[in-house]
Protein chains: 2
Amino acid sequence: MKMIAYMGVSLDGYIADKAGGVDWLNELPIPEGDDLGFSTFMAGIDALLMGSNSFRTILQIGDWYYDKPVYVASNSIQLIPEGYQERIKLIQGDIHELLAQLEGDGHQNIYVDGGKIVQACIQADLLDELIITHIPVLLGDGISLFGKLERSKTLEHRQTEVLGYGLVKSHYLIRNNR
Amino acid sequence: MKMIAYMGVSLDGYIADKAGGVDWLNELPIPEGDDLGFSTFMAGIDALLMGSNSFRTILQIGDWYYDKPVYVASNSIQLIPEGYQERIKLIQGDIHELLAQLEGDGHQNIYVDGGKIVQACIQADLLDELIITHIPVLLGDGISLFGKLERSKTLEHRQTEVLGYGLVKSHYLIRNNR
């Protein structure tokens with residue numbers, strides 16, 4: 001099973017403002033219909049593993065971008081909100097238990113979404129690929145994409161693409177010890 | 001006068017390890033003689049403004065890369081070390097006073113080097129350009145390039161270049177309010 005993070009991040013490393021908001025992302029002058037390559041990426045994955053904060057953000061936005069099974073990892077969400085029963089599956093456990101459930105369901109290529117869950121994957125040597133889009137903003141404060149690690153990790157750069165609006169998307173493989 | 005930062009940074013945003021060391025940079029498999037565009041950049045600047053930590057790191061390494069006037073901003077260094085009297089000028093003061101001294105000496109394009117001094121420039125709305133090279137490493141901990149800001153800043157992406165060894169160099173203009 002392959003775990004892939006696909007994240008937008010300010011140049012100073014934040015995925016959301018201090019309150020978890022992503023208004024600064026919505027303010028980008030991106031014309032409707034340009035998905036910055038997201039649907040091409042989605043075509044190659046089997047399922048999503050999403051943290052509860054990401055799920056709550058998507059609930060607030062009200063749009064649903066996913067045509068693949070979505071697993072929401074949460075110990076705090078007890079009931080699936082109205083309208084999302086067919087869209088998501090709630091799962092619980094540490095990162096190893098979460099991945100075992102996705103693997104048990106036969107998924108091979110997993111899109112991991114959310115700061116905490118991506119950090120947990122990296123820390124456990126379980127993230128295989130990182131597709132990071134640097135947004136030309138210094139946010140100045142907020143929720144960081146990356147957390148502390150006990151040991152440094154070497155990445156292998158695969159590709160960088162400059163999208164419209166000054167977004168720089170880079171694709172890395174992670175060399176894990178496992 | 002134009003202030004330009006030119007920094008290498010791990011993908012998780014660190015310019016040095018926790019002890020201020022840059023061994024992880026020296027471990028990059030870069031052949032001797034490939035300066036990754038540094039001399040081309042240096043040809044366009046008039047002077048360097050460097051923090052005391054950067055200067056101490058360069059003293060340890062023992063190499064000297066600069067053929068332009070170098071100003072070292074430090075309240076702690078009292079004496080210029082042996083062999084560096086002709087190479088550097090010690091200056092003191094807050095970021096506005098430092099820049100006034102460089103401007104008084106007639107310099108126009110200033111290369112700002114060092115985490116603290118780059119952060120001070122950004123916070124004071126004085127950094128005009130940022131050339132940032134992402135190194136394909138997750139360092140996991142260390143000294144951050146970026147600090148907190150009271151307000152976010154919009155950048156204008158000019159160019160991105162993939163160098164050898166998976167280094168991704170991006171050039172941004174900073175839209176300051178001043």
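Student: How many salt bridges does a search of the whole structure find over all chains?
Tutor: This is a predicted model, and the search covers the whole structure. A pair counts when a side-chain nitrogen of Lys or Arg lies within 4 Å of a carboxyl oxygen of Asp or Glu. Over all chains the number of salt bridges is 14.

Student: Which side chain meets B:Asp141 in a salt bridge?
Tutor: B:Asp141 sits in the loop between E8 and strand E9 (143-144) of chain B, and the pair crosses between chains. The other end lies in the loop between strand E9 (143-144) and strand E10 (153-162) of chain A. At 3.1 Å, N to O, the partner is A:Lys148.

Student: How many salt bridges are counted between chain B and chain A?
Tutor: The pair of A:Lys148 and B:Asp141 joins the two chains. The count between chain B and chain A is two.

Student: Which element gives the most to the side of chain B that touches chain A?
Tutor: Across this interface there are eight residue pairs in polar contact. Elements giving two or more residues to the chain B side are strand E7 (129-135), E8, strand E10 (153-162) and strand E11 (168-174) of chain B. With six residues, the one that gives the most is E10(B).

Student: Which three residues supply more than any other three of the area that chain B buries against chain A?
Tutor: In this interface, 28 residues of chain B contact 28 residues of chain A. The two chains bury about 2400 Å² between them, with 68% of it on carbon and sulfur atoms. Of the area on the chain B side, 25% comes from B:Leu11, B:Pro136 and B:Leu138.

Student: Why is one side of strand E5 of chain A left without a neighbour in the sheet?
Tutor: Nine strands form an open sheet of mixed pairing, in the order E5(A)-E4(A)-E3(A)-E6(A)-E1(A)-E7(A)-E11(A)-E10(A)-E8(B). Strand E5 (88-91) of chain A and strand E8 (137-138) of chain B stand at the edges.

Student: Which residue in E11(A) does A:His134 stand opposite?
Tutor: Strand E7 (residues 129-135) and strand E11 (residues 168-174) of chain A run antiparallel, joined by six bridges. Opposite A:His134 stands A:Val168.

Student: What angle does the direction of helix H3 of chain A make with that of E3(A)?
Tutor: Helix H3 (residues 52-61) of chain A packs on the sheet, touching strands E3, E4, E5 and E6 of chain A. Its direction makes an angle with that of E3(A) of about 95°.

How values were computed: Residues are numbered from 1 along each chain as its sequence is written. Chains are lettered from A and ligands numbered from 1 in the order in which they are written. This is a predicted model: local features need pLDDT of at least 70, side-chain atom pairs count only at pLDDT 80 or more; totals for chains, interfaces and linings use all residues. Side-chain values use heavy atoms; hydrogens and water are left out. Two strands pair if DSSP finds at least two bridges between them. Helices (H or I, at least four residues) and strands (E, at least two) are DSSP runs, numbered from the N terminus. Contact means heavy atoms within 4.5 Å. Axes are lines fitted to C-alpha atoms, for helices over the stretch in contact, and angles run from 0 to 180 degrees between N-to-C directions. Buried area is the accessible area (1.4 Å probe) that two parts lose on being put together, summed over both. A polar contact is a pair of N or O atoms within 3.5 Å; within protein, one must be able to donate a hydrogen and the other to accept it, and residues adjacent in sequence count only if both atoms are side-chain atoms.
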